[in-house]
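Hi,

Here is the structure I promised to pass on to you. Have a look at it first, and then read my notes below.

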Amino acid sequence: MSDGISIDALGQAVGDFSNHEKLGFDLGAYVGDLAFEEDSGSEDISLEGLQQELEECESDEVVANILSSGAKLREYAKGVENNLRKVELDSIEDYIKESDNLVSLHDQIHDCDSILSQMETLLSGFQEEIGSISSDIKILQEKSMDMGLRLKNRRVAESKLAKFVEDIIVPPKMIDVIVDGEVNEEYIRTLEILSKKLKFVAADPAVKSSKALKDVEPELEKLRQKAISKVYDFIVQKLIALRKPKTNIQILQQSVLLKYKYIISFLKEHGKEVFMDVRAAYIDTMNKVLSAHFRAYIQALEKLQLDIATAYDLIGVETRSAGLFSRAREPLKNRSAVFALGERIKIIKEIDQPALIPHIAEASALKYPYEVLFRSLHKLLMDTATSEYIFCDDFFGEESIFYEIFAGPFSVIDEHFNPVLTNCFDAIGLMLMIRIIHHHQFALYCTAYHVSPEDSMPRFISGQAVFTGFNLCFLVNISLWPRFKMVFDSHISSLRDANIKTLWEDDVHPHYVMRRYAEFTASFIHLNVEYGDGQLDINLERLRMAVDVLILKLAKLFPRPKQQIVFLINNYDMTIAVLKEAGPEGGKIQMHFEELLKSNTSLFVEELLVEHFSDLIKFVKSRASEDPSSNPERSITVAEVDPLVKDFGSRWKTAIELMHKDIITSFSNFLCGMEILRAALTQLLLYYTRLTDCIKKIPGGSGLNKDLVSIQSIMFEIRKYSKTF
């Protein structure tokens, strides 16, 4: 090996040096004399340019030191050479001194080389062995993968087989629970297990061809039949409990039946015929129970009914007339309640309140208009229908059952409502019922489209229940509107066909027929504010036209025109006041009567002034506007005007006082009378102003100034009565 040879040669050299040292080594014999001889060829060296180079090197510190010391350059070079030679000899001596250590290092290196050689041989053997082990590991890896695959397949087969065994086997405990156990929560859990096994046997084709099925299938069938029989008897017993008197149906449904709703699912899947029997039994039970409850509730409500109006309670019917066969009615605190809405409007705000409890109201001796009972009945119906729908959806999982259950209660309500509606002559009550139905329809709309804002997590009704509710509301609504139209037309006919002679009273104050009309109309205006029902507006306009004709006929029965006008003003003013109570915005009807009031007020002012200042007014209207220059022959003279001026000046204050008294006694509404008085005085001032203007144009008219009443005096009198107003 080349490395070994080098190490040996190095060792041999070190050994030789060591031996020479031992024998007394003479360094000078080897090195020789260190004296330098002059180069024989130095004479040939040219010194040309040396001076220039020395001048350039003057700045160098070493060169400057050499030149300053005066030493020659050659001598300096020899000194350097001797120093180098001395250093070399010192180094050799140091090496010789360390020869023992080098020899020891050599031996150690040699030993290491031997060890490394052995290691090389050993590692070569290991490499060969590792190669053989690698091939063995590869073989083992292949065997391991094969075993892993077989294990996985076996586990899959085991899981499927275990599931198959678990699904098809019939544990003894399950048999004991199904056959001998009571129907409770454990029984329900066992039914779920039995249902899974029955589905497994019926659904998996591989199971049908297995031999295990032949042993298990008869047992599963027996368990199915036993379970169906047992749960059927259990459900029937619970349904019988629903028929017991004073049973709280909703509590029984929520706390008992819903706990066992899986029974219905089990019957629906594994006993369809029995499920249909249970379904039919529940429908029959709830139909009869709810029908009986609503029938009893209706009978209790009928005892609370307060009759408001009969066929003779019409706007145009004379108060003293009564039908021969008119039935007795509960006395009302105010007979105008037949035509006025009054406190009955509260029912609109109480639509969503709980239904009445009849025995509590009866114990308190309370009576209610029919719309209150109507709202209570329909509120109970809506609440019951909502609760029943939610239960049917949870318990049976279907909606169609709902309508079949409520066919009976709907029929009971129809049987009650139809005769009540036939004998109802209360137009306001009918409109209130229409508004109640409208509210229920809107509530169903909100429910169907999930827009109820009152509950953050509401339980919404949909499908058949909403359709049924809409259907019921629609049927009731189409029954109410024709009846309302018939009753409303009866009021219009009573005005058109009224006997004027029996209705007329020798009194210029508001007529009771007109008050009835005003309150009646105001009631419907109030009820129509939020609905904007165009059909109702048309009917109110027809009623207004009929009462206009009637009130004019009654006014014509007064002998004096002034009385006729006062009668009309009083009635129009009262009507406007009542209509304003229904709504400050008024409407076409209110505007109509305001126009009539304005025109009749102008007529009355003229009649009143003519009564007290007829000559003055006649002159102003006929002569005051004439131009004297246009017709000199008919010019106005002082003699013609003088009586007018003196007459006015002598009694104008007295006439105004008489006018004031006349107005106070003629008009029911003090404010309206004062407005009329102020209008009359203003008109009188205008007439007198025209008279004074006319006098100024008459030749010699200045002579009448002493008898003229000053405009300021008349204004002062007007202001005096205005302050009273």
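**The chain as a whole**

Of the 725 residues in the protein chain, 38% count as buried; buried means under 20% relative accessible area, exposed means over 50%, and partly exposed is in between (1.4 Å probe, protein chains only). Before you go further, note that this is a predicted model, in which local features need pLDDT of at least 70 and side-chain atom pairs count only at pLDDT 80 or more, while totals for chains, interfaces and linings use all residues. Residues are numbered from 1 along each chain as its sequence is written, and side-chain values use heavy atoms, with hydrogens and water left out.

The secondary structure of the protein chain comes to 27 helices and 0 strands. Helices (H or I, at least four residues) and strands (E, at least two) are DSSP runs, numbered from the N terminus. As for contacts (heavy atoms within 4.5 Å), residues 24 or more positions apart account for 80% of those in the protein chain with a separation of 6 or more.

**The core**

In soluble globular proteins, nonpolar side chains tend to be buried together. Here the largest nonpolar core has 174 residues. A core of this kind is a set of buried Ala, Val, Leu, Ile, Met, Phe, Trp, Tyr and Cys residues joined through side-chain atoms within 4.5 Å. Which residues have the most contacts inside the largest core? They are I263, Y282, L480, F524 and F613. Helix α26 (residues 670–697) gives the largest share of this core, 13 residues.

Take Y282: leaving aside neighbours within four places in sequence, Y282 is in contact with L239, L242, Q253, E388, F391, C392, F396, I401 and I405.

Helix α22 covers residues 534–556, which is 23 residues. From its first C-alpha to its last, α22 reaches 34 Å, close to the 33 Å expected at 1.5 Å a residue (the expected span is 1.5 Å times one less than the number of residues). At the start of α22, a side-chain oxygen of D533 comes to within 3.0 Å of the backbone nitrogen of Q535.

The buried residues of α22 include L536, N539, L540, L543 and V547. An α-helix has 3.6 residues a turn, so residues three or four places apart point the same way.

F488 sits in helix α19 (residues 464–496). Is F488 buried or exposed? At 0% relative accessibility, F488 counts as buried. Not counting residues up to four places away in sequence, F488 touches F520, F524, N539, L540 and L543. F488 and I428 are 60 residues apart in sequence, yet 9.4 Å apart in space, C-alpha to C-alpha.

**Empty space inside**

Rolling a probe the size of a water molecule over the atoms shows where empty space is left. The structure holds 2 cavities of 30 Å³ or more, and about 40 Å³ of space lies in the largest cavity. On a 1 Å grid over the protein atoms alone, a cavity is a set of points where a 1.4 Å probe fits but cannot get out, and lining residues have an atom within 4 Å of a point. Grid points are joined across faces, edges and corners, and a volume is the space filled by probe spheres set on the points.

I298, L301, E302, Y370, L373, F374, L377 and H416 line the largest cavity. Helices α13 (272–302) and α16 (370–395) each supply at least two residues of this lining, and the largest share, 4 residues, comes from α16.

**A few spots in the loops**

Most residues other than glycine have a negative phi, and most peptide bonds are trans. Against that background, have a look at K246, which has a positive phi of about 60° although it is not a glycine. K246 lies in the loop between α10 (211–242) and α11 (249–255), and at 89% relative accessibility K246 counts as exposed. A365 also has a positive phi of about 60° without being a glycine. A365 is in the loop between α15 (358–363) and α16, and counts as exposed at 63% relative accessibility.

G701 is in the loop between α26 and α27 (711–724). With a relative accessible area of 3%, G701 is buried. Not counting residues up to four places away in sequence, G701 touches V638 and I695.

Enjoy looking around!

Definitions and conventions:
Polar contact = N/O pair within 3.5 Å; in protein donor to acceptor, adjacent residues only side chain to side chain. 1 Å grid on protein atoms, 1.4 Å probe; cavity = no way out; pocket = protein on both sides within 12 Å on 5 of 7 lines; lining within 4 Å.
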